[in-house]
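This briefing covers a helix pair, the surroundings of a ligand, the domains and the confidence scores. Please read it with the structure open.

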Amino acid sequence: MTVTTAGGGLRLTGLAKAYGPVRAVDGVDLDVPAGELVTVVGPSGSGKSTVLRLIAGLERPDAGTVAVGGQDLRDVPPHRRSVAMVFQDYALYPHLTVRENIMFGPRVRKVPKDEARRQAADAAHRLGIADLLDRYPDQVSGGQRQRVALARALVRSPAVYLLDEPLASLDAQLRLTTRTDLLALHRRLGATTLHVTHDQAEAMTLGDRVVVMEGGRVRQAGPPQEVYDAPADTFVARFLGSPPMNLVPAGGLLGGLLGGAISGKDTDGGTVGIRPEDLALDPAGPLEATVETVETLGSEAVLLTRGPDGVRLTVRTPPRLGLRPGDAVRLRPDPDRLHRFDAAGRRV
Ligand SMILES: Nc1ncnc2c1ncn2[C@@H]1O[C@H](COP(=O)(O)OP(=O)(O)OP(=O)(O)O)[C@@H](O)[C@H]1O
C-alpha cells in the first residue's frame, strides 16, 4: 500500500481574530513540523475552533499569517488550500452511500469517476470500513460514521489535517478505540495534524505535543508529559490532570509545610502546587488531614481531605484502604514533585 508522505509543516505567526469586542484568537504563534500530531486543548471559548477556521481559510485573520510548507496562505482561498477539516458533527449526506459520500469531494473537483471510486476504496480500506461502502450513513454505527468522515478527508491527501473534536460525539468505549485507530492512522500517514479536543486524556495520549490555550492565547506548548510535569502557570497546572493539582497559598501554614519540603525555608507570596498522586498516605507524614469524601474508582480511590488551615487537599490512593469520612490521615508530599508559582501564577 502506498503511504501518503507529509506535505509540509504548519506555521502560525502572530495570528489574531476578534469578533467585535471578543478577542477569540489573540496573538498565536505555533510551529507544527511536517508529520507531527499536535493536540490543542483549552476550555470552551478559548479560541481553539477559531484557530482551525483561520487555518482552513473559513475566516480571515485580523493580523498574522498561516503558512503551510513555507507558503503564506494569505491569498489562497479555502478550496485551494491543502488542508482538510473534520468536524465533530461529521455531516454525511444521508441519501448517499458511504462510497458516494467519500467520492463526493473528488467528484466536485472533477476527478474522473473511476479514479474517484478507486480513491474512495483506498481510503475506506485504510480506515477499515471497506465492507461498508454500499451502506447508507444510518446503516452504520457512530464510530463507523466518524471513520467515513475521516475517509472523506483522506481522499484529499492534504498537507494538513485539522480535526475539530472528531471523537466528541462518541460514547466512552468507542472514543477509546477510535482514538487508538486515529493514532495508528496518523503513524501510517505521517501527515501534519492539528487535533482540537477538550478531553485531556485525548490530549495526553494522542499528540507528539500538546498546546494549552486560554483566552485566545497559547499558555504552554510541549510534549504532554513535560507540560504535565512542569506546567508553566497555575492555569495549565489545574487544567491538565484529573483530579486537578492541589494549589495552596505559599504563605499559609500548609504552604509553609509544603514549601519547607522544597527549599527548607519559608516561602511567601504565590502558590505551591502538588498533584493528588504525589501526596502519599504515611503515618509519619508531616501533614495532618481529615478525610471528607472517598471516591472509589475501582483501580484507585480519590480522597478529598481537609488539611492544615482548613485547606482542601485531593489525594490519590490505592483502592480498598477502608478509609471513611471523618478519619484522620497523615500525608507525605513527594519533595521532588512540588511546584512553585509566583504571585502572578507563573512557574518559579
Ligand atoms: N462567529 C462568531 N461570532 C462572534 N463570536 C464568536 C464567533 N465564533 C467564535 N466566537 C467567540 O470567540 C471565542 C472563541 O471561540 P471558539 O469557538 O474558537 O472557542 P473554542 O475554544 O473552540 O470553544 P469550544 O471548546 O466551546 O468549541 C468565544 O468567546 C466565542 O464566543
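In this predicted model, helix 4 crosses helix 5 in a right-handed sense. The two helices, residues 142-154 and residues 172-189, pack with 10 Å between their axes and an angle of about 35 degrees. The points below begin with this pair and then turn to the ligand, the domains and the confidence.

**Helix 4 and helix 5**

- Two packed helices are described by the angle between their axes and the distance between the axes.
- Helix 4 brings Gly142, Gly143 and Gln146 to the contact.
- From helix 5, the contact takes Leu174, Thr177 and Thr178.
- By residue class, five residues of this contact are polar and one is nonpolar, with no charged residue.

**Surroundings of the ligand**

- The residues around the ligand include Tyr19, Val22 and Ala24, and also His198.
- Gly42, Ser44, Gly45, Ser46, Gly47, Lys48, Ser49 and Thr50 are also part of these surroundings.
- Which elements give two or more residues to the shell around the ligand? They are strand 2, spanning 22-32, and helix 1, spanning 48-56.
- Helix 1 is the element that gives the most to this shell, with three residues.
- The shell divides into eight polar residues, three nonpolar and one charged.

**Domains**

- The domain assignment divides the protein chain into domain 1, covering 10-238, and domain 2, covering 246-341.
- Taken over C-alpha atoms, the centres of domain 1 and domain 2 are 39 Å apart.
- Five residues from domain 1 and five residues from domain 2 take part in the contact between them.
- On the side of domain 1 that touches domain 2, two residues are nonpolar, two are charged and one is polar.

**Confidence**

- The mean pLDDT of the protein chain is 88, and 94% of the residues score at least 70.
- Which element of the protein chain has the lowest mean pLDDT, and which the highest? Helix 9, residues 253-263, has the lowest at 69, while strand 1, residues 10-19, has the highest at 97.
- Residues 1-6 have a pLDDT below 50, and this stretch makes eleven contacts in the model beyond near neighbours in sequence.
- Where pLDDT is low, the predicted coordinates should not be read in detail.
- For the model, ipTM is 0.96 and pTM is 0.86.

Note on methods
Residues numbered from 1 in each chain as written. Predicted model: local features only at pLDDT ≥ 70, side-chain atom pairs only at ≥ 80, totals over all residues. Domains from an automatic or database assignment. Contact = placed C-beta atoms within 7 Å. Nonpolar A, V, L, I, M, F, W, Y, C, P; charged D, E, K, R; others polar. Near = placed C-beta within 6 Å. Helix = DSSP H or I, 4+ residues; strand = E, 2+ residues; numbered from the N terminus. pLDDT = per-residue confidence, 0-100. Axes fitted to C-alpha atoms, helices over the stretch in contact; angles between N-to-C directions. Left-handed = near helix turned anticlockwise from the far one by under 90°.
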